[in-house]
Amino acid sequence: MKKIMFARDFLMYSVKGGVKFYVWLLFLGFFIMLWGFGNFQQLTKGMIVTGLNDQTTWGLYVANFVFLVGVAASAVTVVFPSYIYNYKPLKDVAVIGELVAIAAIIMSTLFITNHIGRPDRAWHFSPGIGIFNWPDAILTWDMIVLNVYLVLNFICAFYFLYKKYSRGKINKWFYMPLIYISIFWAVSIHTVTAFMLNTMATRPMWFHSIVPIKFIASAFAAGPAFIILAFIIIRKNTKLIISDAAINKMSEIMTYALGITLFLSFSEIVTELYPGTEHSYSLKYLMFGMHGLTQLVPWFWASVIINVTAFIVLLIPAARKNYALLFYLSALIFAGIWIEKGIGFILSGMVPTPIGEFVEYTPSIIEIFNCLGNWAIGLFIFTLLVKGAAGVLTGEIKHDALNVSNQP
Amino acid sequence: MDRREFMKSIGITGAAALLSNPDELEAKTTWAEHFQKAFRLMTDDEKDQAIKRLEERYSEEHGREVKVGKEPAMDGVLFGQALNIQKCIGCRRCVHSCVKENNQSRHDPQGNATEIEWIRVVKMEKGNFSAEDRDHGHPFKKGEEYGISEGGHAHNNVGVVLEGEHYYEPKKVPEKDSFYFPIQCHQCENPPCVKVCPVKATYREADGVVVIDYNWCIGCRMCMGACPYWARRFNWGEPNIPKDDLNTDTHYLGNRPRMKGVVEKCHFCLQRTRKGRYPACVEACPVGARKFGNLLDPESEVRKVLERKRVFRLKADLNTFPKFFYYMD
Ligand code: SF4
Ligand code: SF4
């Protein structure tokens with residue numbers, strides 16, 4: 001009974017807000033409409049409405065998928081200091097990290113659904129009625145870890161919120177093991193996603209043992225960037241108190257992770273370019289263009305400039321404490337890593353093809369509609385989740401004991 | 001798009017079709033096809049039913065009687081092919097006969113389907129060296145006496161180099177200063193494509209041929225990412241096969257018409273080779289550059305080639321162990 005009331009109160013609270021709130025939701029709603037159109041086109045006509053082809057079989061959908069798995073994994077940057085170091089300022093709002101993870105996993109699922117040619121056959125990989133090529137296919141590992149991660153975060157977040165709501169005591173023996181597992185699990189999701197790419201021996205851009213660690217490092221820069229943005233927006237627009245200390249911790253983590261990412265990128269570039277074998281063609285294409293094809297070059301250098309500048313500025317403690325500046329830096333880093341990982345790493349890995357052909361890929365408008373729509377759906381869900389969570393954390397929605405005893 | 005096509009394209013609405021479509025039999029067929037098992041796991045009965053359904057659908061769609069075979073791998077047979085790059089003249093007869101034999105999608109002027117060719121013939125320049133650049137290289141400074149430390153400029157790519165030039169359109173083949181290098185599925189013994197498939201829609205059969213169950217493939221294209229020989233093609237749209245060009249003698253795992261959203265590739269013409277015939281490409285080659293046969297039979301043509309000629313495998317470093325070999329006399 002209590003649980004149903006929790007669900008009802010949470011839901012009711014999450015959809016009520018001021019003008020700004022509804023304008024934001026409407027804004028997202030616009031992209032969701034485009035998404036509806038794009039998906040209809042793709043489902044009826046086939047993948048031919050995308051810019052993909054036999055040379056570039058993976059494009060923006062996979063790029064966003066990989067990036068978002070990283071964002072989901074980075075929930076651990078909030079959870080880890082909260083529960084392992086017992087860092088109070090973050091612990092109070094750790095649940096927001098888990099909500100980020102939930103929204104990000106939902107988005108990555110949407111992207112994968114857009115990527116596959118026969119989403120209507122998705123049941124083919126359900127164990128039991130279908131065939132699940134586990135442990136051979138890394139994609140099956142990825143499906144397992146992502147689903148479990150979604151469930152873990154869902155339970156952790158809502159168990160915590162429910163206990164707050166009903167003013168019950170958290171059962172440490174139930175809750176803490178889940179937290180520990182979710183910390184380990186967060187790392188696993190991005191590692192497995194990296195393995196899916198870097199075990200393809202025929203794609204030299206990806207066939208690097210540096211990929212998993214670089215994925216995690218860059219995710220721990222992009223994720224906290226997103227969380228900082230969320231923190232700053234939330235504390236401006238809701239009554240939820242998020243301390244400066246919490247934001248400072250996140251910017252610290254973001255800075256370290258960004259530094260490591262830059263170092264790893266640098267190592268990769270030296271390792272590839274010095275010997276200059278055929279295996280460096282993808283990277284050369286990305287950095288300088290090859291055979292007159294230079295589409296990705298501006299993207300690459302934009303991400304380098306963004307990430308290096310942001311890193312240098314972030315090293316100045318005063319800059320990290322200037323929240324107006326930090327807000328823009330975080331937005332830049334989020335974009336910078338998106339370019340680095342999505343556009344840079346994924347798209348360049350497709351060029352040249354295994355038989356040496358250079359083909360440039362331009363996403364179609366339908367593809368862009370679907371991508372924007374997937375993001376809009378994720379942000380929509382995230383907004384409602386955070387809104388409800390803020391209500392619970394501030395005590396605005398709580399269980400009314402009297403009310404319960406009156407219920408039949 | 002008419003209603004029927006729409007139903008097919010969103011197969012999941014089969015249930016809805018069952019309720020609302022007056023043509024109930026057809027709806028049931030879509031429904032059943034949608035929920036059929038992977039071919040490998042079907043009982044003989046289920047296989048026959050699935051084949052009957054397909055034959056009905058194909059015959060109706062294409063307006064011609066289509067036969068779908070299910071011949072299994074023959075005992076004691078492991079198929080292999082060897083290609084003589086010394087002889088190949090780059091005429092692409094193999095390509096065209098393959099397209100026709102295997103019902104590949106043709107160019108669609110309306111842009112709703114892509115053109116698919118499983119065999120691609122890559123042109124290799126014989127290359128030459130430049131006399132003027134003999135002493136040029138990098139870094140190069142006038143008066144610099146240490147010599148060229150990073151690399152000379154007098155070279156050109158020579159030999160088998162994969163640069164993906166498969167669009168050549170000369171008036172006459174063979175062209176001067178070029179040789180040709182056809183690439184198709186190598187039927188790897190260690191197929192990276194099979195390993196990565198999340199639903200085992202693609203797998204190696206007992207006769208060594210890597211096949212795809214087109215009704216089971218989910219179109220994730222992991223296999224296309226993993227294949228080192230760029231052998232796989234995707235049906236980006238609904239395939240376009242002109243009625244008169246349809247080859248009606250098909251095999252379930254071979255050349256039966258595909259649907260949109262699934263992967264396809266060379267399968268050594270199962271529909272022919274499992275009945276003791278040559279693949280279409282082998283028959284079409286005007287210079288006899290392609291030799292096909294049973295790798296387990298010492299008397300087969302392909303084994304004779306392996307014994308007597310200089311043979312190499314493409315990208316041997318990847319340990320895929322192709323059963324498609326290149327050789328020179
Ligand atoms: S050539 Fe490619 S498609 Fe064919 S078996 Fe090998 S990996 Fe698979
Ligand atoms: S595209 Fe089809 S055959 Fe290829 S890996 Fe995915 S499900 Fe398997």
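How many bridges join strand E3 of chain B to strand E6 of chain B, and do the two run parallel or antiparallel?

A: The model is predicted. In it, six bridges join E3(B), residues 120–125, to E6(B), residues 178–183, and the two strands run antiparallel. E3(B) is mostly covered, with five of its six residues buried. In general, strands of a sheet pair through backbone hydrogen bonds, either parallel or antiparallel.

Between strand E5 (151–152) and E6 of chain B lies B:Pro174. The peptide bond joining B:Val173 and B:Pro174 is cis, with omega about -10°. As a rule, most residues other than glycine have a negative phi, and most peptide bonds are trans.

B:Phe268 has a positive phi, near 55°, in a residue other than glycine. B:Phe268 is found in the loop between strand E11 (263–264) and helix H8 (270–273) of chain B. Its relative accessibility is 2%; the cut-off for buried is under 20%, so B:Phe268 counts as buried. B:Phe321 is likewise not a glycine and has a positive phi of about 45°. This residue sits in the loop between strand E13 (310–312) and strand E14 (324–328) of chain B. B:Phe321 has a relative accessibility of 38%, which lies between the 20% and 50% limits, so it counts as partly exposed.

Four strands of chain B form an open sheet in the order E12-E2-E14-E13, with mixed pairing. E12 (290–294) and E13 of chain B stand at the edges with a single partner strand each, so one side of each has no neighbour in the sheet. Ignoring direction, neighbouring strands of this sheet are turned by 30° against each other on average. E2(B), residues 79–84, is joined to E12(B) by five bridges, and these two strands run antiparallel. Within that pair, B:Ala82 has B:Lys291 of E12(B) as its bridge partner. Helix H10 of chain B, residues 301–308, lies across E2, E12, E13 and E14 of chain B and runs at about 110° to E12(B).

B:Glu33 is in helix H3 (residues 24–34) of chain B. With a relative accessible area of 9%, under the 20% cut-off, B:Glu33 is buried. Leaving out residues up to four places away in sequence, B:Glu33 touches B:Arg53, B:Leu54, B:Arg57, B:Asn215 and B:Met259.

Some totals set these parts in context. Chain B has ten helices and 14 strands. Of its 329 residues, 53% are buried. Among contacts in chain B with a separation of 6 or more, 67% are between residues 24 or more positions apart.

In general, two packed helices are described by the angle between their axes and the distance between the axes. The axes of helix H3 (residues 60–73) and helix H7 (residues 138–166) of chain A come within 12 Å and cross at roughly 40°. That angle makes H3(A) oblique to H7(A). The crossing of H3(A) past H7(A) is left-handed. H3(A) contributes A:Phe65, A:Val69, A:Ala72 and A:Ala73 to the contact, and H7(A) contributes A:Asp142, A:Leu146 and A:Tyr149. By type, the residues of this contact are six nonpolar, no polar and one charged.

In the loop between helix H6 (94–115) and H7 of chain A lies A:Pro135. A cis peptide bond joins A:Trp134 and A:Pro135, with omega about 5°.

Another helix pair of chain A is H12 (residues 297–314) and H14 (residues 323–348), which pack at an angle of about 145° with their axes 9 Å apart. H12(A) passes H14(A) in a left-handed crossing. Residues in this contact include A:Trp299, A:Ile306 and A:Leu314 of H12(A), and A:Leu325, A:Gly336 and A:Ile343 of H14(A). The residues of the contact comprise 14 nonpolar, three polar and one charged.

Technical notes
Residues are numbered from 1 along each chain as its sequence is written. Chains are lettered from A and ligands numbered from 1 in the order in which they are written. This is a predicted model: local features need pLDDT of at least 70, side-chain atom pairs count only at pLDDT 80 or more; totals for chains, interfaces and linings use all residues. Side-chain values use heavy atoms; hydrogens and water are left out. Axes are lines fitted to C-alpha atoms, for helices over the stretch in contact, and angles run from 0 to 180 degrees between N-to-C directions. Angles under 35 degrees count as roughly parallel, over 145 as roughly antiparallel, 65 to 115 as roughly perpendicular and the rest as oblique. A crossing is left-handed if the near helix is turned anticlockwise from the far one by less than a right angle, and right-handed if clockwise. Contact means heavy atoms within 4.5 Å. Ala, Val, Leu, Ile, Met, Phe, Trp, Tyr, Cys and Pro count as nonpolar, Asp, Glu, Lys and Arg as charged, and the others, Gly among them, as polar. Buried means under 20% relative accessible area, exposed over 50%, partly exposed in between (1.4 Å probe, protein chains only). Two strands pair if DSSP finds at least two bridges between them.
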